[in-house]
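Visitor: I'd like a close look at a single part here, with whatever surrounds it brought in as you go. Could you walk me through it?

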Amino acid sequence: MSARILVVDDIEANVRLLEAKLTAEYYEVLVAYDGPTALAIAAAEKPDIVLLDVMMPGMDGFQVCRRLKDDPETRHVPVVLVTALDGRADRIAGLEAGADEFLTKPIDDVMLFARVRSLTRLKMVI
């Protein structure tokens, strides 16, 4: 099962690492380095999943998530917040923004692929 995954992070090394891991598992990877670009790509390319960093300059991941979930064209796309933040308040803020799942940096590959497979199946059902 393949999926189109949008990876959003302002740090190029983080994007390239996730891109390499996902491509090795035969996923199609789209990339964005900021919130506005991520929103444009999501609207145009219709990814199956968004892996979204929280701490980005300008528009943070919570804001991007809210905008994705407010848009009828992208609200059904699962959003996984990828963050170094692991506090209770941060998770609550993510859920309130509409996030479907969380991954804490550094990312555990087993958890990453389990989440991607699970959310891909869920999106196909929806």
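Guide: Let's start with a pair: Leu6 stands opposite Val50 in strand 3. Residues are numbered from 1 along each chain as its sequence is written. This is a predicted model, so local features need pLDDT of at least 70 and side-chain atom pairs count only at pLDDT 80 or more, while totals for chains, interfaces and linings use all residues; side-chain values use heavy atoms, with hydrogens and water left out. Helices (H or I, at least four residues) and strands (E, at least two) are DSSP runs, numbered from the N terminus.

Strand 3 has a partner on strand 1, and the two pair in the parallel sense over four bridges; pairing takes at least two bridges found by DSSP. Strand 4 is also parallel to strand 3, again joined to it by four bridges, and there Leu52 stands opposite Leu81.

Now for the side chains. In a regular strand they alternate between the two faces of the sheet. Here Ile49, Leu51 and Asp53 point one way from strand 3, Val50 and Leu52 point the other way, and all are buried. Buried means under 20% relative accessible area, exposed over 50%, and partly exposed in between (1.4 Å probe, protein chains only). With five of its five residues buried, strand 3 is largely enclosed by the rest of the structure.

Several of those residues turn up in nonpolar cores, meaning sets of buried Ala, Val, Leu, Ile, Met, Phe, Trp, Tyr and Cys residues joined through side-chain atoms within 4.5 Å. The largest has 23 residues, and Leu6, Val8, Val50, Leu52, Val64 and Leu81 have the most contacts inside it. At least two residues of this core come from each of strand 1 (4-8), strand 2 (28-32), helix 2 (35-45), strand 3 (49-53), helix 3 (61-70) and strand 4 (79-83). Take Val64: leaving aside residues up to four places away in sequence, it touches Gly35, Ala38, Leu39, Leu52, Met56 and Met59, where contact means heavy atoms within 4.5 Å. A second, separate core of 18 residues includes Ile49 along with Leu22, Val29 and Phe113.

Leu22 takes us to helix 1, where Val15, Leu18 and Leu22 are buried. Looking down the axis of helix 1, you'd see its buried residues within an arc of 75 degrees, so they line one face of the helix; the arc is that of the directions from the helix axis to the C-beta atoms. Strand 3 is among the elements covering them, and strand 1, strand 2 and helix 5 are others. On the other side of helix 1, Ala13 and Ala24 are exposed.

A salt bridge puts a side-chain nitrogen of Lys or Arg within 4 Å of a carboxyl oxygen of Asp or Glu, and the count comes to ten. Arg16 makes one with Glu12 (3.7 Å, N to O) and another with Glu19 (2.4 Å, N to O). Glu12 lies four residues from Arg16 in helix 1, and Glu19 lies three residues from Arg16. An α-helix has 3.6 residues a turn, so residues three or four places apart point the same way.
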